[in-house]
Amino acid sequence: MTECPECAAKEVVVEMKFDANTKHFICKKCGLFATREQVSDIRYRLNKREKTREDKHDEYRDWWTTSKKEKQG
């Protein structure tokens with residue numbers, strides 16, 4: 001079974017039901033009605049998020065600590 005990408009983004013695991021007549025997946029929790037390709041596209045868009053300010057701060061901190069170690073060594 002396929003997990004609903006929108007519910008998974010909210011950290012809720014819900015399996016989608018496949019409707020053979022329309023060849024669509026249906027989420028019983030949020031009501032998402034999509035083909036296999038649309039589900040894949042939604043997953044891709046949700047995983048491809050922009051870097052947040054915290055991510056940039058973490059990258060800078062990692063860079064700073066790495067450069068300090070290299071300078072001491």
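This report walks through the sheet and the cysteines of a predicted model.

## Ground rules

Because the model is predicted, local features need pLDDT of at least 70 and side-chain atom pairs count only at pLDDT 80 or more, while totals for chains, interfaces and linings use all residues. Residues are numbered from 1 along each chain as its sequence is written, and side-chain values use heavy atoms, with hydrogens and water left out.

## The sheet

Let's start with the strands (DSSP runs of E, at least two residues, numbered from the N terminus).

β1 meets β2 (residues 15-19) through 2 antiparallel bridges. Here Glu-3 has Glu-15 as its bridge partner, and Thr-2 stands opposite Met-16. On to β3 (residues 24-26), which is joined to β2 by 3 bridges, again antiparallel; Phe-18 has Phe-25 of β3 as its bridge partner. These two strands, β2 and β3, form a hairpin with 4 residues between them, and Lys-23 in the turn has a positive phi of about 55°.

## The cysteines

How many disulfides does the structure hold? There are 0, where a disulfide is a pair of cysteine sulfur atoms within 2.5 Å. The sulfur of Cys-4 has its closest cysteine sulfur in Cys-27, at 3.6 Å, which is too far for a bond. For Cys-7 the closest cysteine sulfur is also in Cys-27, at 3.7 Å, again too far for a bond.

Cys-4 is buried (under 20% relative accessible area, with a 1.4 Å probe and protein chains only), at 0% relative accessibility. Cys-7 is buried too, with a relative accessible area of 4%.

Methods. Two strands pair if DSSP finds at least two bridges between them. Buried means under 20% relative accessible area, exposed over 50%, partly exposed in between (1.4 Å probe, protein chains only).
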